[in-house]
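Subject: Structure handover

Hello,

Here is the structure I promised to pass on. Please open it alongside this note, and then read on for what turned up.

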Amino acid sequence: MMENLLVKLTEKFTKDGQDPETYLKGLLHSKYVNYWDYIQPDTLLSLQKPRTDFPDELTFIVYHQITELVLRLIKHEAQQLCETETDSESYWLEKGARIERYAHLLINSFSIMNKGMSREQYNEFRLSLAPASGFQSAQFRLIEFLFTDIDNLINERGKKRLSANADLNEKLENIYWQDAGKNHETGSKSKTLQDFESKYKSEFLSTLNNYQGKNIFAKINNLKAQGKWSDLLNEQFRKIDKALNIDWPIVHMETAHTYLSSEGETKAATGGSNWVKYLHPKYQRRIYFPNLWTESELANWGN
Ligand code: HEM
């Protein structure tokens, strides 16, 4: 057993022109792995920097960070689907189920926001956060570009504004989320939106370019054309669309109402959007896979 292992190690290093002895001697000196070096909890726990003394601000920061980590897992699975050459049903089902579980983790845990902070504290500490907003989460947008074509992220209002040969830049100017901060008549943008774009616009454009023709929506169309898109896959990817584009937006929007609405009045959000209208899925009409829904399901999106 040990000899076999030595032979394999020698083969491995020799193949790369390396001296096996150097590496084996190195093993003599290398330290054991620790949890703290590998998982980096100390770094992770040093990343919460409240701007006020209100205790619930920590809850707010940590839950946003949890969300960013879960988005990272969703992005990780989505990237693999975009890059894969396989049309194996079990592979696509497995990846789809993982993404759905992550989406449900976000939906089921959003009560940490809706119920886990004092309304009074939230409405104080949030005043020190303008013009920042969860709206400025780049991962949230990058995931959209991995899942679907930009054309599916432009709602009917945006489509009416597009010129006949609109390029990616023009499409990005009319993507649904511009409605949170752009006055389409004058072209003026909120500070939140301007800051967001000046930091991420070039990354957005290069990601859009890179994933044209190989995002998940495009891949689904290919599989369909080859007759390899099964009922099970259809069901799985519809669940993802519903979770990310109806259920999460609804729990998020309800939370905004918990903190920012009372007796019919609504407070301005830190990102400055017309949020009561903007956050509703039926207004945004963000649908990753419109080809998996019937006409009447599409017409009733988010109702
Ligand atoms: C008390 C908790 C929260 C409230 C009251 C809230 C409120 C809002 C509001 C009003 C907007 C609209 C943009 C604006 O005017 O600022 C927004 C956008 C957004 N928020 Fe939150 N939010 C909360 C928690 C979170 C959390 C934990 C995340 C996770 C990262 C998040 C992510 C987002 C995203 C991605 C958008 C853009 C949504 C879209 O374009 O569809 N929010 N939020």
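Helices here are DSSP runs of H or I with at least four residues, numbered from the N terminus. By that count, Ala-132 sits in the loop between helix 8 (119-125) and helix 9. Please keep in mind that this is a predicted model.

**Overall build**

The chain has 17 helices and two strands. Its C-alpha atoms fill a box of roughly 75 × 55 × 35 Å along the principal axes. Of the 303 residues, 22% are buried. Take the contacts between residues at least 6 apart in sequence: 73% of them join residues at least 24 apart.

**The cores**

The largest nonpolar core has 28 residues. Ala-78, Ile-99, Ile-143, Leu-146, Phe-147 and Ile-216 have the most contacts inside it. Several helices give two or more residues to this core, among them helix 5 (56-83), helix 6 (89-109), helix 12 (191-211) and helix 14 (231-260). Helix 9 (138-147) and helix 13 (216-225) are also on that list. Which helix gives the most? Helix 9 does, with five residues.

Nonpolar side chains in soluble globular proteins tend to be buried together.

Leaving out residues up to four places away in sequence, Ile-216 touches Ala-78, Leu-81, Cys-82, Leu-146, Phe-147 and Thr-148. There is also a second, separate core of seven residues. Phe-54, Phe-60, Phe-110 and Met-113 are included in that second core.

Is helix 9 mostly covered or mostly open? Helix 9 is mostly covered, with seven of its ten residues buried. The buried ones are Arg-141, Leu-142, Ile-143, Glu-144, Phe-145, Leu-146 and Phe-147. They pack against helix 5, helix 12 and helix 13.

Now look at helix 1, residues 2-15. None of its 14 residues is buried, so helix 1 lies largely in the open. From first C-alpha to last, helix 1 reaches 20 Å, close to the 20 Å expected at 1.5 Å a residue. Just after helix 1, Gly-17 takes a positive phi of about 70°.

**Around the ligand**

There are 26 residues surrounding the ligand. The closest are Ser-133, Gly-134, Ala-269, Gly-271 and Ser-273. Helix 5, helix 14 and helix 15 (275-278) each supply at least two residues of this shell. Helix 14 provides the largest share, five residues. By type, the shell divides into 14 nonpolar residues, twelve polar and no charged.

**The loop between helix 8 and helix 9**

Back to Ala-132. Ala-132 counts as partly exposed because it has 16 C-beta neighbours inside 10 Å. Pro-131 lies in the loop between helix 8 and helix 9. The peptide bond from Ala-130 to Pro-131 is cis, with omega near 0°.

Two distances from Ala-132 are worth checking on screen. Lys-191 is 59 residues from Ala-132 in sequence, and their C-alpha atoms are 9.1 Å apart. Gly-227 is 95 residues from Ala-132, and there the C-alpha separation is 46 Å. Lys-191 itself lies in helix 12. With 13 other C-beta atoms within 10 Å, Lys-191 is partly exposed.

Gln-40 is in the loop between helix 3 (35-39) and helix 4 (41-44). Arg-285 is in the loop between helix 16 and helix 17. Arg-285 has 20 other C-beta atoms within 10 Å, so it is buried.

**One more loop residue**

Asn-291 lies in the loop between helix 16 (281-284) and helix 17 (295-299). With 14 C-beta neighbours inside 10 Å, Asn-291 counts as partly exposed. Beyond its neighbours within four places in sequence, Asn-291 is in contact with Ile-220 and Asn-221. Asn-174 is 117 residues from Asn-291 along the chain, and their C-alpha atoms are separated by 21 Å.

Best wishes

Key:
Residues are numbered from 1 along each chain as its sequence is written. This is a predicted model: local features need pLDDT of at least 70, side-chain atom pairs count only at pLDDT 80 or more; totals for chains, interfaces and linings use all residues. A nonpolar core is a set of buried Ala, Val, Leu, Ile, Met, Phe, Trp, Tyr and Cys residues joined through C-beta atoms within 7 Å. A residue is buried if 20 or more other C-beta atoms lie within 10 Å of its own, exposed if 12 or fewer, and partly exposed in between; C-beta atoms are placed from the backbone. Two residues are in contact if their C-beta atoms, placed from the backbone, lie within 7 Å. A residue is near a molecule or strand if its C-beta atom, placed from the backbone, lies within 6 Å of it. Ala, Val, Leu, Ile, Met, Phe, Trp, Tyr, Cys and Pro count as nonpolar, Asp, Glu, Lys and Arg as charged, and the others, Gly among them, as polar. The expected span of a helix is 1.5 Å times one less than its number of residues.
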